[in-house]
Amino acid sequence: AWMMLVGVAALAFLASIPLTAVSEAYEPYAWSYSQTLRQLFAYSNRRVLAASIRDGMQGAGLLFLWPLAVFLLLDWSYELLGIVITITLLITIFGRKLVRTILRMLNVHQSASVTAVLAASSWVLRLAVISPTTVVIADSLYHTCVPTRRFGIDHIAHEQAADGSHYVDERTALKEMGLAIGR
């Protein structure tokens, strides 16, 4: 077994040798700091800014306020919190495919208004939680019905991600700034 490990390590080392011929490439940022601020509040970027601010507000609620509220609702019980999270995860795993299939059959799976209604209804339920069961229902509704690509979470940093883990450019910088304003 250790021979195979040494062989794989040697192969990885040999595969990295051609990388020495690759030169560094630096991508320039097109705007200065003041131009970036002007672009943030420019009329042409109004929709991006508004959506980013809303996502930032939702992210602050989803990543900070909601877990704290659930924990307090459950009387600081780690065991009950684990049970609630486990049940929510199981319902989400098995319910997501079913809900997506139903939305596709109704031909509304890419409708922004349907997604907004489902997300808003889950937040209305979150505001009305009174028991662990309603916590499971509200979270399951959100996680099964709202597409994950719509609200990006960087799982490594446990932070909201404006770029959806793709790349960073000028538009992504505007989205990040909008998220920060929303938070």
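**Aromatic pairs, ring-facing charge and a buried glutamate**

At 12% relative accessibility, Phe-71 falls under the 20% limit and therefore counts as buried. This value, like those that follow, comes from a predicted model. Tyr-78, by contrast, has a relative accessibility of 62% and so counts as exposed.

A pair of aromatic rings is described by the distance of the centres and the angle of the planes. The structure holds three such pairs. In one of them, the ring centres of Tyr-29 and Trp-31 lie 6.3 Å apart with their planes at 85°, so this pair is edge-to-face. Both partners belong to the intermediate accessibility class: Tyr-29 is partly exposed because its relative accessibility is 40%, and Trp-31 is partly exposed because its value is 24%. For Phe-71 and Tyr-78, the centres are 5.0 Å apart and the planes meet at 50°; this angle lies between the limits of 30 and 60 degrees, so the pair is tilted. Phe-71 and Tyr-78 are also joined with Trp-76 in a cluster linked by ring pairs.

Aromatic rings also meet a charged side chain, that of Arg-126. Arg-126 lies over the face of Trp-66, at 5.2 Å from the ring centre. The charged end of Arg-126 also sits over the ring of Tyr-142, where the distance to the centre is 4.9 Å.

Ala-119 is placed in helix α5, which covers residues 112–127. With a relative accessible area of 12%, Ala-119 is below the 20% limit and is therefore buried. Val-146 is 27 residues from Ala-119 in sequence, yet the C-alpha atoms of the two are 6.3 Å apart in space.

Glu-170 is found in helix α7, spanning residues 170–182. Which residues does Glu-170 touch, not counting those up to four places away in sequence? The contacts are Pro-28, Tyr-29, Ala-30 and Trp-31, and two of these names, Tyr-29 and Trp-31, are the partners of the edge-to-face pair. With Ala-30 there is a specific approach, as the side chain of Glu-170 reaches the backbone nitrogen of that residue at 2.9 Å. Glu-170 is buried but has no salt bridge.

How values were computed:
Residues are numbered from 1 along each chain as its sequence is written. This is a predicted model: local features need pLDDT of at least 70, side-chain atom pairs count only at pLDDT 80 or more; totals for chains, interfaces and linings use all residues. Side-chain values use heavy atoms; hydrogens and water are left out. Helices (H or I, at least four residues) and strands (E, at least two) are DSSP runs, numbered from the N terminus. Buried means under 20% relative accessible area, exposed over 50%, partly exposed in between (1.4 Å probe, protein chains only). Lys and Arg count as positive and Asp and Glu as negative; His and the chain ends are not counted. A salt bridge is a side-chain nitrogen of Lys or Arg within 4 Å of a carboxyl oxygen of Asp or Glu. A polar contact is a pair of N or O atoms within 3.5 Å; within protein, one must be able to donate a hydrogen and the other to accept it, and residues adjacent in sequence count only if both atoms are side-chain atoms. Contact means heavy atoms within 4.5 Å. Rings of Phe, Tyr and Trp (its six-membered ring) pair if their centres lie within 6.5 Å; planes under 30 degrees apart count as stacked, over 60 as edge-to-face and the rest as tilted. A charge sits over a ring if NZ of Lys or CZ of Arg is within 6 Å of the ring centre and within 35 degrees of the ring normal.
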